[in-house]
Amino acid sequence: MYPSILDGGDARRVIAITGGVDVQPLVDGWTIQNGNATGLIVNCHSHNYKIAGCGGGIFIYQSSPTIQHNIIRDNKAAEYGADDFIGTGGGIFVNESPATLIEWNVIRNNDSHIDGDGWGGGIYIHNSGGDTAIRHNEIDHNEASSTIYKPHSGSGIQIYYNAGQIQIIANYIHDNNPNIETYWGTGIATQYNDNTLIIDNNRITDNSGMSALGLSYSVPTVTRNVIINPGCNTGIDLSGHLELDPLEYAQIINNIIARHDESNVYINADLPNQARAEMIHNTLSDAAYGVYVDSGADVIFDRGIVSYHSKEGIHLEVAAQTELSVSYTLFTLNTDDGI
């Protein structure tokens with residue numbers, strides 16, 4: 001049986017889906033490859049950047065497609081360009097769309113911006129949500145083609161502002177950023193997301209960079225994930241969100257987080273922002289620090305296991321506006337339990 005291939009020839013975007021929420025096509029069973037969206041900037045998202053391109057493999061705007069059983073590979077949102085230009089969504093780009101389903105795909109070796117700033121090598125979603133889901137995909141080896149360093153985030157997936165529920169469920173996200181650049185959120189990166197962003201039952205392993213799961217200005221629900229990335233400085237990096245309701249905490253529940261170079265979990269904020277996390281039933285093992293609680297952090301750690309950390313199990317930085325509560329937790333075989 002021969003595969004059906006849609007090839008952009010490194011000269012054009014492969015698929016564009018637009019036209020309103022009633023546009024609900026099914027993209028099923030294709031190999032979508034060699035797309036290049038350099039210079040295609042209409043209805044892209046910039047956040048104060050100039051746009052270099054978006055959606056090299058699949059571009060989705062104000063529509064509700066189902067993307068399933070495809071191989072989406074070797075696509076780029078943009079290549080080259082000045083320092084103040086950004087590329088978004090190498091494999092798949094989704095903007096202002098309420099109900100996109102992305103499932104059972106292989107999303108491999110895509111780039112948001114080769115040799116330029118970029119977000120979302122595999123998938124980038126902006127201002128979308130409601131019935132949006134990313135599930136049962138293999139997402140690997142994205143952001144592999146740059147030869148010089150430029151800032152990138154979300155090598156596998158990036159979600160920038162969810163306008164409704166988005167579910168990231170049961171994906172295998174591995175070996176992204178294979179060139180070990182100092183990228184952030186190389187498995188999944190989130191920015192400006194509320195607690196209707198669900199990250200559940202994913203295997204996030206063997207990614208490289210500053211952090212595997214980067215949560216910025218976000219309070220998502222992170223449950224039942226395996227997060228093991230020896231090539232990453234940090235497993236989960238939760239940075240400060242703006243002053244939201246005091247009861248809004250990122251929910252980090254029942255995860256295995258292990259074998260990161262510096263800290264399994266790092267939490268901090270630039271004051272007056274505050275980073276809030278409620279961590280329940282998590283197992284942390286084999287890093288320098290289990291949890292590093294830095295300035296502006298408010299952390300509740302309950303009923304966890306903290307083991308085999310070479311410096312401290314839970315480190316509390318002496319810093320302004322830092323709060324930490326730990327209860328019913330087992331500390332074992334750490335050089336120093338810390339608290």
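**Figure 1. The largest pocket of the predicted model has a volume of about 190 Å³.** The structure shown here and in the following views is a predicted model. The residues lining the largest pocket are Tyr49, Asp117, Gly118, Trp119, Tyr149, Pro151, His152, Ser153, Thr182, Trp184 and Gln191. Two elements, β13 (117-119) and β17 (152-153), each give two or more residues to this lining. Strand β13 provides the largest share, with three residues. Sorted by class, the lining comprises five nonpolar, five polar and one charged residues.

**Figure 2. The chain as a whole contains 36 strands and zero helices.** The C-alpha trace spans about 55 × 40 × 35 Å along its principal axes. For 339 residues, a compact globule would have a radius of gyration near 20 Å, and the 19 Å of the chain therefore agrees with that expectation. Of the 339 residues, 58% are buried. The accessible surface of the chain amounts to about 12900 Å², and carbon and sulfur atoms account for 50% of this area. When contacts between residues at least 6 apart in sequence are considered, 75% of them join residues at least 24 apart.

**Figure 3. Glu79 is situated in the loop between β8 (71-73) and β9 (85-88).** Glu79 counts as buried because its relative accessibility is 18%, and the cut-off for this class is under 20%. Beyond the neighbours within four places in sequence, the contacts of Glu79 are with Asp10, Asn36, Thr38, His113 and Ile114. Tyr124 lies 45 residues from Glu79 along the chain, and the C-alpha atoms of the two residues are separated by 16 Å.

**Figure 4. His174 belongs to strand β20, which covers residues 172-174.** With a relative accessibility of 7%, His174 counts as buried. Which residues is His174 in contact with, leaving aside its neighbours within four places in sequence? They are Glu138, Ile139, Asp140, His141, Thr205 and Asn207. Leu247 is 73 residues from His174 in sequence, and the C-alpha to C-alpha separation of this pair is 33 Å.

**Figure 5. Asp175 has a positive phi of about 55 degrees although it is not a glycine.** Most residues other than glycine have a negative phi. Asp175 is located in the loop between β20 and β21 (188-191). The relative accessibility of Asp175 is 27%, so this residue counts as partly exposed.

**Figure 6. Arg224 occupies the loop between β25 (221-223) and β26 (226-228).** The phi of Arg224 is near 60 degrees, which is a positive value in a residue other than glycine. Arg224 has a relative accessible area of 46% and is therefore partly exposed.

Notes:
Residues are numbered from 1 along each chain as its sequence is written. This is a predicted model: local features need pLDDT of at least 70, side-chain atom pairs count only at pLDDT 80 or more; totals for chains, interfaces and linings use all residues. Side-chain values use heavy atoms; hydrogens and water are left out. On a 1 Å grid over the protein atoms alone, a cavity is a set of points where a 1.4 Å probe fits but cannot get out, and a pocket is an open set with protein on both sides within 12 Å along at least five of seven lines; lining residues have an atom within 4 Å of a point. Grid points are joined across faces, edges and corners, and a volume is the space filled by probe spheres set on the points. Helices (H or I, at least four residues) and strands (E, at least two) are DSSP runs, numbered from the N terminus. Ala, Val, Leu, Ile, Met, Phe, Trp, Tyr, Cys and Pro count as nonpolar, Asp, Glu, Lys and Arg as charged, and the others, Gly among them, as polar. The radius of gyration is taken over C-alpha atoms; the globule rule is 2.2 Å times the number of residues to the power 0.38. Buried means under 20% relative accessible area, exposed over 50%, partly exposed in between (1.4 Å probe, protein chains only). Contact means heavy atoms within 4.5 Å. Accessible areas come from the Shrake-Rupley method with a 1.4 Å probe; for residues, only the protein chains shown count as cover.
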